[in-house]
Protein chains: 2
Amino acid sequence: MSTLNDVAREAKVSTITVSRVINNPEKVKPITRERVQRAMDKINYVQNPVAKALVSKRVGIIDVYVPESIDLSNPFIMHLLVGISEELSKQMYSFLIIRDRKHEHRCDGYIVTGLLKDEIHEMYQYALERKRPIALFGHTDNEEIDCIDVDNIEGVRMITEYVLQNGHKNLAMINVNEEKDYTLDRYEGYCRALQEAGNPSGEHVMYAENSVQGGYEAALRILRENNETTAMICATDIMAIGAIRAVTELGLKVPQDISVTGYDGLGHHLLSSPAITTVCQPVYEIGRLLAQTLLKRIRGEERGVKQSLVPALFLEHSVAGINKSKEDKI
Amino acid sequence: MSTLNDVAREAKVSTITVSRVINNPEKVKPITRERVQRAMDKINYVQNPVAKALVSKRVGIIDVYVPESIDLSNPFIMHLLVGISEELSKQMYSFLIIRDRKHEHRCDGYIVTGLLKDEIHEMYQYALERKRPIALFGHTDNEEIDCIDVDNIEGVRMITEYVLQNGHKNLAMINVNEEKDYTLDRYEGYCRALQEAGNPSGEHVMYAENSVQGGYEAALRILRENNETTAMICATDIMAIGAIRAVTELGLKVPQDISVTGYDGLGHHLLSSPAITTVCQPVYEIGRLLAQTLLKRIRGEERGVKQSLVPALFLEHSVAGINKSKEDKI
DNA sequence: CTTATAAATGATAACGTTAACATTACATTT
DNA sequence: AAATGTAATGTTAACGTTATCATTTATAAG
């Protein structure tokens, strides 16, 4: 591999002149510039970004930290990564997916996601020690951290309200059986909507694994325990797909007999037929925003901490009003 | 940020001794080692991997090149990335997703995917110039390139044969309307199975966009053009989901009236009810293998080019035998 | 107590680039 | 023609590490 020095020798100029041709061409006389260009072409020069990074202290890489507990092939993370990726590459940056932090890498900043409260604090310390900025997907009480989160409480409240407004009175929620922030938030949104509507028939929440199978089983349990139920608010689209399968297998129609709503809106809701009414977390946009914020922070263009809560988007597909024919069938 | 020199000064030894404590601790006397360790802890030393990379000429990063034409949020790429990621991080490597090659990075090798014939050649030249090894997901006639591919011809042949063995005689294929290798391979597999079975009713292929909607429309067209059809071989699971939706909407049952098979086996086949019989491309495993091969090549442990074709895995869920009740319904 | 040998440590240079400052060349003004 | 200013180019050092070879110190052998 040839170096700046090789080019310099070939073009009979000094190393720094070659460097200038690359980085500040306007500072080099056109004739010299040409000569250097030809020399570069001749010996097939390719810049060594490591050497450049050593002196400039910028590597052009962002570490995206996704803890091992999160499945990378999950569309949530995927869409986030796509958003991050597109914004970064637009600004000539790349990203590295980090699953554990044992192996030190050089990067210019961190984007982190899927962390619990104290993990966030730990990550913050880690970044601080290395004097690199951090941008978080999620929320935190640490007011020094730039972060963006989806307003999931409001998202679930909204879709529940919508179902209530369609005349449903006996709702049940299918939530994920993990004690995570996002699980609690969805429960909270569900409760708020019920309270606002005067809480017609109390809260019914069934917890299950976040999978098609989990949704399927939860729906069966709900219908067995309380066949008054006419609407199911699912905490994820995947669970909604399972719930619909269960309802259909019992000979009931979705949405005529039972309404089933999802949550996430990342593509799975379209795979069910009929497509599921859901709430979309604008994860792709959040990825881009996180990347933008971080790059601004790196360049010192961002002043003051940026913490924001973005709304979830309502995606209506099919929630029928209440239908009294159901009782006959079960 | 503190450097080796800072540690050296603190511990009253030379820089190189500190370096040895990190890289070859057995070459340093225990007492000195202890002292250096304490100094490192005291001033919170963190190695600078860029400087290390400059001299060692290893950066510990693999560039995974996914051209912009491929959607990153597609589960195929995702599973591949997960496989690559897990194998690399096990060996203390990281990876960088590259979407265009304009921005030069330092890496130790390339994993490439989704390239056309001449793009592969171009990429090979690119890697060669930089003296870095390359591992390809796909196949090529260039015998210098390590590569792994799925035997999709055999995969489609296998699932088609299975459908034929279940008594179906009027098959139709729903293929992707793009002129890519993988599209041609699937067509080829379908034809082979038909030929082996004596080609009872000729080839019927409908081309459509690779989406739920595409599969839906293709299935409708097939049933309109030829209502003898009792089985649809879809080139992707997503299209199969659409096809099932179309068949169901026409009042026909899957799989009793019409069998619908998928292809890919990356999760989507489970989202339909009933789950789709499909063929699984072991993409995760391939990702790991690619990473393994590449790292061996980097370390000089691999001799001779490694080109392999791995079989696709048959995943049976529900393909009923032919059912004569269909004609009454349409 | 030398001397030979091995273990531990150190001095220097190198990796390939850029920043900061220094010099030279050339054009413009007086 | 000398003085001044600016454009173009060059010299040196620095970034933080490791490799190579040199030196010192400790250990064992005679």
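**Figure 1. Pairing of strand 5 with strand 11 in chain B of the predicted model**. Strand 5 and strand 11 (residues 307-310) of chain B run parallel and are joined by four bridges; strands are DSSP runs of E with at least two residues, helices are runs of H or I with at least four, and both are numbered from the N terminus. Two strands count as paired if DSSP finds at least two bridges between them. B:Ile148 has B:Ser308 as its bridge partner in strand 11.

**Figure 2. Strand 5 of chain B beside strand 4**. Three bridges connect strand 4 (residues 134-137) to strand 5 of chain B, and the two run parallel. B:Phe137 is partnered by B:Ile148.

**Figure 3. Burial of strand 5 of chain B**.

**Figure 4. The interface of chain A and chain B**. Each chain brings 43 residues to the contact (heavy atoms within 4.5 Å). The buried area, which is the accessible area (1.4 Å probe) lost on putting the two parts together, summed over both, is about 4,100 Å², with 66% from carbon and sulfur atoms. The elements giving two or more residues to the chain A side include helix 5 (75-90) and helix 10 (237-249).

Residues are numbered from 1 along each chain as its sequence is written, and chains are lettered from A and ligands numbered from 1 in the order in which they are written. Local features need pLDDT of at least 70 and side-chain atom pairs pLDDT 80 or more, while totals for chains, interfaces and linings use all residues, and side-chain values use heavy atoms, without hydrogens and water.

Methods
Buried means under 20% relative accessible area, exposed over 50%, partly exposed in between (1.4 Å probe, protein chains only).
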